Structure formats: structure tokens, C-alpha cells
Amino acid sequence: MEKRDNIEKLILENIDALNDNEPMEGHFARFEAKLDAQHKARRTISLNLIMKVAAVIVFAFLATNQAFIYFSPDNQGIINSKSEAASISLASVSPEYQEVEYYYTNSINTGIDQWNKWIEQGMISEDEQNMMDNELAEFETLYQNLQKDLAANPNDQRVINAMLEYYQAKLSVINIIITKLEEVQQKTQEAKQEAMAI
């Protein structure tokens, strides 16, 4: 107690001198630098902290994965199996698209029926048949990919437009082939008639 009283007494006697003296220039900057140096030295990453951060990252990854699985089209009732994905077409989007799809599939089937009649009549060569088979196989592959896209994104207008363009392109190719074959058939008949007339 006596030491404290002496210090207090010393301060009280020199209070004016102590209040007038400002610290030297740059004192606060040096003081702050010393404090930073002490805190930096104490900053160490513990294994416990690393384990906590790793646990948070793993939990976030698992939560994201579960959310993705939960909200995927399979669990939304859009696609329940691969066979359902294969049965999805424009008709499943709306009644208007069903009518459009019906028109295109009927027109395409009419062209293919005409092609098959010419095959039965022996008017189509094997090379022509192979060419048509390859074209139809490419269209079928494209159609299956579009069905998968439509199953994953049933309301995406880009996919719907791609399906419409698919039908237009397939019908156009079949019509071009049939028109050319009809022209060839007509020229062949005209040539036969001219030969008979001579």
C-alpha cells in the first residue's frame, strides 16, 4: 500500500508536467506495429480448425448433392424411367404441339410409305435404299437426343423449336428424295415411250 501511495503521490505532484508531454512522433505507429507483430506470431492454424473447415466443406458438398438429386427431373415426376424419356414428345408439352406433331409424323409416314411401295416395285436400287436407311438412322439418333433434352427441360422453348425444326428437316429431306425419284421415273417412262414409238 505504501508503494502505491508513493506512485500516486509522484503522479499527483507532476501531473502538469505529465499532461504537457506528448509522446514522440510516430509513437502510435510503432506501438501498433509491435502489437501486430505479437498477434502475427501467435496466429497458428490448429489441426482442430482444419478439421472443422473440412467438415463444413464436406457437409456443404453433401447438402448440394442431395439438393441436386431431390430437384432433378427424375424426382420431380417428369422422368420416372428411361422408357418414359423415350416416350416424351411434343404431344406431351401441349395439345397445340400435339397437332403439329401429328401433321409432321403423318406427312413423313406418307413419304416413307411411298418409298416402300417403290422398293416393292423394284424401282429403288440397293445404293438408294442404303442412302435412305442412313438418313433415317441419323434422324432417329437426333430425335432420341431431342427427346432426352425435352424430358430434362419440358418447358424450354429452344428444345421445342429444335423438335419442330427436326420434323421440318426430316419431312423436307423425304419430300426432296421422293420428288427426285418421281422425276427420274417420269423421264424413264418418257424415254421408253419414245423408244417404242420409233
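The axes of α6 and helix α8 (residues 157-197) come within 10 Å and cross at roughly 25°, with axes taken as lines fitted to C-alpha atoms over the stretch in contact and angles running from 0 to 180 degrees between N-to-C directions. That angle makes α6 roughly parallel to α8, a label for angles under 35 degrees. The contact of α6 with α8 involves 16 nonpolar, seven polar and three charged residues; Ala, Val, Leu, Ile, Met, Phe, Trp, Tyr, Cys and Pro count as nonpolar, Asp, Glu, Lys and Arg as charged, and the others, Gly among them, as polar.

This is a predicted model, in which local features need pLDDT of at least 70 and side-chain atom pairs pLDDT 80 or more, while totals for chains, interfaces and linings use all residues. Residues are numbered from 1 along each chain as its sequence is written, and side-chain values use heavy atoms, leaving out hydrogens and water.

Overall, the protein has eight helices and zero strands (DSSP runs, H or I of at least four residues for helices, E of at least two for strands, numbered from the N terminus). Of its 198 residues, 19% count as buried, meaning under 20% relative accessible area with a 1.4 Å probe, protein chains only.

S94 is buried, at a relative accessible area of 16%. A polar atom of the S94 side chain lies 3.3 Å from the backbone nitrogen of Y97.

Conventions. Buried means under 20% relative accessible area, exposed over 50%, partly exposed in between (1.4 Å probe, protein chains only). A polar contact is a pair of N or O atoms within 3.5 Å; within protein, one must be able to donate a hydrogen and the other to accept it, and residues adjacent in sequence count only if both atoms are side-chain atoms. Angles under 35 degrees count as roughly parallel, over 145 as roughly antiparallel, 65 to 115 as roughly perpendicular and the rest as oblique.
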